[in-house]
Amino acid sequence: MALAMRTSATLRSLNLTRVFCTTACARAPTFWSITQNQASVTFTWLFNKLGRFSLRKRQSKPPHDYVVPVGNPILRGQALAVDHKNIKSEETQEVLDQLVKVMRKEGAVGLSAPQVGVGLQIIVVECTRKQLDLVPQEIRKIREMQEFPLKIFINPKLKVTDYSTVVFPEGCESLPGYQANVPRYYGVNITGLDRDGMPVAWQVTGWPARILQHEVEHLRGDLYIDIMDSRTFMDYTSEMKK
């Protein structure tokens, strides 16, 4: 994800107070999955919708200066760990700079290396005051949204600290214009390396925890559409025009 920052009035019309089951088990809730038939229909429709969009994207050498859309095989691959001795290399530093640049250009709150065409285990996240100010106060409160500075995680490892699950609308820059309700664990702890190869860690709950789960999923070749409530999948741009 990249996790898209959606601030339209559409969010107000959604049932944002929906909080689904609290569970002490270490497994994801069964409702995280959609049937094979649902997935087939969904993906067929998505590819038809996005096919022309993908072709319009100009070809360039990774890291790209745009977000790779759904349909590109790199979004379904397993990202490789970055060798520690290569972290300070010119190539890796270029990937980091481009990730941050594209994330900010798109107004996203997170981005993963595969989304700029690089199959490495790197994510960047950031939520600015300017982004938060675009969101109605009641939504910020319900979703526990908060400002946080730029954070870079190389070879991130995510550990769930609170298995309670919450469901809120979620989007992705690789699937622009769409969103759906997605269940996420309430609290996580992430560890990894920064751009200097130094260990970093961050323990969060609520909105930041959702962002981290979304971005780390990209490194496994997973997308939010794999675990969304397919009945809530919608084109939010059409709703904004109503």
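Tutor: First, a term: a strand here is a DSSP run of E, at least two residues, numbered from the N terminus. Also, this is a predicted model.

Student: OK. Which strand is S164 in?
Tutor: S164 sits in strand 3, residues 148-171.

Student: Buried or exposed, that S164?
Tutor: Buried. S164 has 18% relative accessibility, and the cut-off for buried is under 20%.

Student: What does the S164 side chain make a polar contact with?
Tutor: The side chain of D162, at 2.8 Å.

Student: New topic. How many disulfides does the structure hold?
Tutor: The count is 0. As for cysteines, C127 is buried at 1%, and C172 is buried at 3%.

Student: And how many salt bridges?
Tutor: The count is 11. One of them joins the side chains of R129 and E147, 3.4 Å from N to O. R129 is in helix 4 and E147 is in the loop between helix 5 and strand 3, so the pair ties together parts 18 residues apart in sequence.

Student: Are those two ends buried or partly exposed?
Tutor: Partly exposed: R129 at 40%, E147 at 44%.

Student: What about R210 and E170?
Tutor: Their side chains form a salt bridge at 2.6 Å, N to O. R210 belongs to helix 6 and E170 to strand 3, 40 residues apart. R210 is buried at 3%, and E170 is buried at 3%.

Student: Which partner does R184 meet in a salt bridge?
Tutor: E217, at 2.7 Å. R184 lies in strand 4 and E217 in helix 6, so this pair links parts 33 residues apart in sequence. R184 is buried at 1%, and E217 is buried at 7%. Through shared partners, salt bridges join E170, R184, R210 and E217 into one network.

Methods
Residues numbered from 1 in each chain as written. Predicted model: local features only at pLDDT ≥ 70, side-chain atom pairs only at ≥ 80, totals over all residues. Heavy atoms only, no water. Helix = DSSP H or I, 4+ residues; strand = E, 2+ residues; numbered from the N terminus. Buried < 20%, exposed > 50% of the residue type's maximum accessible area, 1.4 Å probe, protein only. Polar contact = N/O pair within 3.5 Å; in protein donor to acceptor, adjacent residues only side chain to side chain. Disulfide = S-S within 2.5 Å. Salt bridge = Lys/Arg side-chain N within 4 Å of Asp/Glu carboxyl O.
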